[in-house]
Each structure stands twice: as structure tokens, then as C-alpha cells.
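Work through the exercises below with the sequence and the 3D view open. Try each task before reading its solution.

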Amino acid sequence: MQRLIVLSLLGMSVLTQSAWAQQNQGPATVTPQQPPTVEGTISEIKTMGRGKVLVVANDEGETIEIPLTNRMPIDIKGTGDQGFVRVGAFIGGKGVLTNKAIFISEINVLLPGKGPKPPRGKIGKAPRQAGGNMNTFQVMGTIQAMEPNPDYPDYTMLALDVPGKPPVINLEKNYTVKVMSNDLSLIEAGMPVLLDGRLFRGKFQVSKVTINLPEPFNSEEVLKPAEPKED
């Protein structure tokens with residue numbers, strides 16, 4: 001699951017739709033007129049053996065049961081503060097390359113969790129989008145060092161664990177932070193949820209679960225205090 005979340009930092013599709021066509025999602029059905037996205041509310045999280053099952057209800061009272069397996073991408077998201085951006089954090093984002101430097105205004109932070117460690121970082125050109133800047137790059141990796149830019153003190157420079165000689169990465173002055181986690185203990189009944197998927201023989205097959213937490217993450221509560229620098 002950790003790898004699925006890592007790739008979600010950049011909004012990348014991880015698995016093909018056919019990977020979920022075999023899943024048994026429970027009794028809920030969706031009419032062909034409905035779009036392949038369903039909004040609902042978490043009614044409960046059931047424990048079945050060693051696993052967990054997410055039960056989601058829509059406005060009509062229909063339910064969908066989703067086994068929370070390693071094959072199911074689950075994005076647990078929330079806003080955060082700049083305290084999450086620290087040495088050792090795994091981050092992702094998009095920025096524009098200008099004068100041999102990438103400038104980022106919004107950064108995604110992956111909280112540490114169970115499973116394999118995040119992969120080595122990389123920087124690459126983002127897929128072209130209509131109306132988008134042609135010099136937009138995708139960035140992800142573990143922060144190895146960070147400090148104010150000596151030429152532009154309002155910007156924060158990051159050094160990531162990426163190969164080669166990457167361009168300088170600058171966080172803009174008032175950059176925003178979004179936090180992602182795979183900690184299922186954060187899920188509670190009553191939370192809104194967004195399900196992506198497709199219709200298969202009249203049933204809605206879930207391909208991705210997105211839960212936006214109503215309360216922001218607080219770095220002082222979630223993370224251990226940063227170790228003081230030695231003089």
C-alpha cells in the first residue's frame with residue numbers, strides 16, 4: 001500500500017482497471033446512468049479475520065463493501081502545516097522550471113508508516129496538459145537537507161535523494177502542505193469518502209478510495225519534535 005500512496009503523491013495512475021474487476025464488492029449496485037465516481041459516507045470499518053472492510057453508504061442508503069487490501073489504493077488526505085516539511089520527510093509535488101530552478105507552491109508529504117520504505121527520489125517533466133506550463137516538472141523524494149535560499153531568503157531550498165545533478169528546488173514563501181497517510185486508524189465512521197471505479201455487469205467496481213479528513217494534521221501532534229542542530 002505504501003507504494004500506491006507514493007505514486008499518488010504525483011496524481012499518477014497505479015494499477016489497471018482490470019485489477020479490480022475480480023473484487024467482490026458486496027450487494028450495492030449502480031445504474032448505468034451514474035458516473036464512475038461515487039460519493040458516500042463511511043458507515044463502519046469491519047474487521048474480518050486479519051483484514052478490514054470499509055463499508056460505505058450513499059445518499060440512497062445503498063452500501064458498498066471494500067476490502068482494504070494491499071492492492072486497493074487508499075488515499076487518506078488532509079491539510080497540514082509547514083512543520084511536516086523537514087529533513088527525512090518524503091515529499092512530492094509539481095513546479096515550474098525557471099532559471100535552472102524548480103519553484104513549488106504546493107507540496108505533498110507522505111507520513112511514515114508500515115511497509116517498505118519509499119523509493120529513491122526522481123525529478124522528471126510532467127505530462128503536458130492543455131493550458132499548462134511546458135516547463136512543469138514532477139518532483140518526489142526524501143528531503144536530505146533544507147535551508148533558506150541565500151539569494152532569495154523568502155524561499156526554502158530543498159535537497160532530495162535524486163540521482164545526477166538535479167535543478168535547485170525552491171519552496172515559495174507561503175507554500176501550502178497536504179499530508180497523506182496509510183494509517184487506517186485515522187478512518188472513522190461518518191467521514192465523507194470518494195470512490196473511483198467503473199461499472200462491471202451493472203455493479204460498481206471500486207478502483208480507488210479517497211478520504212479527506214475533516215480536521216487538518218498538526219505536525220506537533222503527529223511528528224516527534226525535530227532534533228536540535230548541533231553547534
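**Exercise 1.** Is Lys208 buried, partly exposed or exposed?

*Solution.* Start with the classes: buried means under 20% relative accessible area, exposed over 50%, and partly exposed in between (1.4 Å probe, protein chains only). Lys208 has a relative accessible area of 24%. Lys208 is therefore partly exposed.

Before going on, note what kind of model this is. It is a predicted model, in which local features need pLDDT of at least 70 and side-chain atom pairs count only at pLDDT 80 or more, while totals for chains, interfaces and linings use all residues. Residues are numbered from 1 along each chain as its sequence is written, and side-chain values use heavy atoms, with hydrogens and water left out.

**Exercise 2.** Describe the protein as a whole: its helices and strands, its buried share and its contacts.

*Solution.* Step one is to list the elements, which are DSSP runs numbered from the N terminus (helices: H or I, at least four residues; strands: E, at least two). The protein has two helices and 12 strands. Along the sequence their pattern is α-β-β-β-β-β-β-β-β-β-β-β-β-α. Step two is burial: 39% of the 231 residues count as buried. Step three is contacts, where contact means heavy atoms within 4.5 Å. Of the contacts between residues at least 6 apart in sequence, 66% join residues at least 24 apart.

**Exercise 3.** Which residue forms a salt bridge with Lys46?

*Solution.* A salt bridge is a side-chain nitrogen of Lys or Arg within 4 Å of a carboxyl oxygen of Asp or Glu. By this rule the protein has three salt bridges. The partner of Lys46 is Glu65, with the closest N and O atoms 3.0 Å apart. Lys46 lies in strand β1 (residues 37–48) and Glu65 in strand β3, so the pair ties together parts that are 19 residues apart in sequence. Both ends are partly exposed: Lys46 has a relative accessible area of 25%, and Glu65 has 24%.

**Exercise 4.** Where is Ala189 found, and with which residues is Ala189 in contact, leaving aside its neighbours within four places in sequence?

*Solution.* Ala189 is in the loop between β10 and β11 (192–200). With those neighbours set aside, the contacts of Ala189 are Ile42, Ser43 and Ile45. A further distance can be checked in the view: the C-alpha atoms of Ala189 and Val56 are separated by 9.2 Å, and the two residues are 133 apart along the chain.
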